[in-house]
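Subject: Structure for your files

Hello,

Here is the structure I said I would send. My notes on strand pairing and the nonpolar cores follow below it.

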Amino acid sequence: MTVRPPVPPFTHESAIEKVRLAEDGWNSRTPEKVAPAYTEDSRWRNRAEWVTGREEIIAFLTRKWARELDYRLIKGLWAFEGNRIAVRFAYEWHDDSGNWYRSYGNENWEFDANGLMSVRHASINDVPIREADRKYHWPLGRRPDGHPGLGDLAL
């Protein structure tokens with residue numbers, strides 16, 4: 001049985017850690033690295049798309065990161081209780097024509113006893129931005145420690 005710490009029930013500190021671990025995974029842009037954080041039968045709603053299970057998660061993320069180029073994400077804890085965490089996030093990316101976007105959203109997460117996410121609901125809005133208005137300039141991959149978070153960036 002796979003255990004993915006921290007596990008519920010979450011404390012403020014463990015919820016913050018879980019959010020950062022999720023951010024780090026998504027910033028890897030590697031679907032096969034991200035998918036094991038979810039239960040085998042995890043259910044997602046991402047915008048208007050429904051995804052069930054790790055195979056569909058991998059296919060979804062593969063499509064996403066083929067379209068959303070130079071993806072960089074920051075997540076922040078919004079609320080938590082027991083085995084649930086709510087986050088807000090913003091990420092920057094561009095399409096294959098060089099048009100830049102900042103996508104803002106909220107996610108509601110539910111975890112099993114082993115710390116694997118079993119449910120994920122994401123609501124996301126894309127806002128076109130000029131390349132000069134980008135705020136995320138770290139090298140692709142994990143956001144560096146000490147880089148401003150959402151509140152510091154007024155996002």
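Strands here are DSSP runs of E, at least two residues in length, numbered from the N terminus. Please keep in mind that this is a predicted model.

I began with strand 1. Strand 1 and strand 2 make a hairpin, and two residues lie between them. Arg47, in the turn, has a positive phi of about 60 degrees. The two strands are antiparallel and joined by four bridges, with strand 2 covering residues 49–52. Within this pairing, Trp44 is opposite Val51 of strand 2.

Strand 1, residues 38–46, also pairs with strand 6, residues 117–129. That pairing is parallel and has five bridges. Arg43 has Val119 as its bridge partner in strand 6.

Next, the interior. Nonpolar side chains tend to be buried together in soluble globular proteins. In this model the largest nonpolar core holds 28 residues, and Trp26, Tyr38, Trp44, Leu61, Ile85 and Trp109 have the most contacts inside it. At least two core residues come from each of helix 1, helix 3, strand 1, strand 3, strand 4, strand 5 and strand 6. Strand 4 gives the largest share, five residues.

What does Trp109 touch, leaving aside its neighbours within four places in sequence? Its contacts include Lys18, Val19 and Ala22, as well as Ile85, Val87, Met117 and Val119.

Regards

Note on methods. Residues are numbered from 1 along each chain as its sequence is written. This is a predicted model: local features need pLDDT of at least 70, side-chain atom pairs count only at pLDDT 80 or more; totals for chains, interfaces and linings use all residues. Side-chain values use heavy atoms; hydrogens and water are left out. Two strands pair if DSSP finds at least two bridges between them. A nonpolar core is a set of buried Ala, Val, Leu, Ile, Met, Phe, Trp, Tyr and Cys residues joined through side-chain atoms within 4.5 Å. Buried means under 20% relative accessible area, exposed over 50%, partly exposed in between (1.4 Å probe, protein chains only). Contact means heavy atoms within 4.5 Å.
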